[in-house]
Amino acid sequence: LRKEMIESEKLRVASVISASVAHEIRNPLTALRGFIQLLSTTPLSDEKKKRYGEICLEELDRAQQIISDYLSLARPHPEYVEILEVGQEIKYIESILSSYALLRGVQLQIETKHEANIEGDRQKLRQALINIVKNGIEAMEQGGVLELKSQIRDNKTIITVTDTGVGMTVEEINRLGTPYFSNKDKGTGLGTMVSFSIIKNMSGSIAVDSQKGKGTVFTIAFPFVKLVEKMS
Ligand code: ADP
Ligand code: MG
């Protein structure tokens, strides 16, 4: 009986994971679609065309990366942990989601402190932030401002994601991070589950402040890491 339970638990986890893969693959595909739409409908300088083409390739690579990340969840192997400059990662997120925001009338504002470092797996941090920022953009159907900020406070690296969107009730906030909670037509309710589990695995914490009709602030805190001297 015990073995059966373990097997069925494995199956349950496997099905959650495969649903997550499908969900997460949509992020880079959405970004790709946005850039291809821009490329084919908007007159652009050669420089912009080249940059957008590069981003499309990066996103295709990301889709592949996500697949291997999730496969590795099912069969764990060591993550690639390194020192990450949060400011750099925030700029990356901005470049990835700029077309997605633009098409929805959302202005992305970023503010970074370059010395804010944390330790973790780069692809996973990106995935966690993209899911949260994307939710913020999607919460502003009439457009608005999405602020993505990093700072150092109380020996912690703090990342805040602030939107001026629909906001959430206390009940909705409490359901965040649990699988399949979604208020969207095409939502799967897996994005925050994936983000929260990644952040917790990186020894991070998440606080959510939200007011219905006003907007939401996600405050993500990681242990601050001092830069060790670079190897030659
Ligand atoms: P999905 O985006 O597929 O619905 P998520 O797990 O990413 O799944 O989000 C779950 C739900 O949490 C969303 O459907 C939405 O109702 C709510 N939510 C998440 N972030 C925000 C936000 N910034 N503002 C308002 N609601 C949010
Ligand atoms: Mg989402």
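Residues are numbered from 1 along each chain as its sequence is written, while chains are lettered from A and ligands numbered from 1 in the order in which they are written. For this predicted model, local features need pLDDT of at least 70 and side-chain atom pairs count only at pLDDT 80 or more, whereas totals for chains, interfaces and linings use all residues.

The model scores ipTM 0.99 and pTM 0.75. The mean pLDDT of the protein is 85, and 82% of its residues reach 70 or more; pLDDT is the predictor's confidence in each residue, from 0 to 100. Over residues 72–77, pLDDT stays under 50. For that segment the model has four contacts beyond four places in sequence, a contact being a pair of residues whose C-beta atoms, placed from the backbone, lie within 7 Å. Where pLDDT is low, the predicted coordinates should not be read in detail.

The secondary structure comprises six helices and seven strands. Helices (H or I, at least four residues) and strands (E, at least two) are DSSP runs, numbered from the N terminus. In order from the N terminus, the elements run α-α-β-α-β-β-α-β-β-α-α-β-β. Among contacts between residues at least 6 apart in sequence, 75% join residues at least 24 apart. Of the 232 residues in the protein, 29% are buried. A residue is termed buried if 20 or more other C-beta atoms lie within 10 Å of its own, exposed if 12 or fewer, and partly exposed in between, with C-beta atoms placed from the backbone.

Helix α4 (residues 122–138) has 17 residues and reaches 24 Å from its first C-alpha to its last. This span is close to the 24 Å expected at 1.5 Å a residue, the expected span being 1.5 Å times one less than the number of residues. Because 14 of its 17 residues are buried, α4 is largely enclosed by the rest of the structure. Residue Q127 lies in this helix and is itself buried, with 23 other C-beta atoms within 10 Å. The C-alpha atoms of Q127 and Q211 are separated by 25 Å, the two residues being 84 apart along the chain.

The largest nonpolar core has 36 residues, and those with the most contacts inside it are I93, L97, L129, V133 and I137. Such a core is a set of buried Ala, Val, Leu, Ile, Met, Phe, Trp, Tyr and Cys residues joined through C-beta atoms within 7 Å. Two or more residues of this core come from each of α1 (2–41), α3 (86–102), α4, β4 (144–153), β5 (156–163), α6 and β7 (215–223). With residues up to four places away in sequence left out, I93 touches R126, L129, I130, V133 and L148.

Ligand 1 is surrounded by 22 residues, of which the closest are N135, A139, S182, G187 and G191; a residue is near a molecule if its C-beta atom, placed from the backbone, lies within 6 Å of it. Helices α4 and α6 (191–201) each supply at least two residues of this shell. By class, the shell has seven nonpolar, 13 polar and two charged residues. Here Ala, Val, Leu, Ile, Met, Phe, Trp, Tyr, Cys and Pro count as nonpolar, Asp, Glu, Lys and Arg as charged, and the others, Gly among them, as polar. In α6, the buried residues are G191, T192, M193, V194, S195, I198 and I199.

L39 is placed in α1 and has 15 other C-beta atoms within 10 Å, so it is partly exposed. Residues up to four places away in sequence aside, L39 touches L44, K49 and Y52. L39 and L102 are 63 residues apart in sequence and 14 Å apart in space, C-alpha to C-alpha. E58, in helix α2 (residues 46–74), counts as partly exposed, with 16 C-beta neighbours inside 10 Å. E58 and M202 are 144 residues apart in sequence and 24 Å apart in space, C-alpha to C-alpha.

Key
Contact = placed C-beta atoms within 7 Å.
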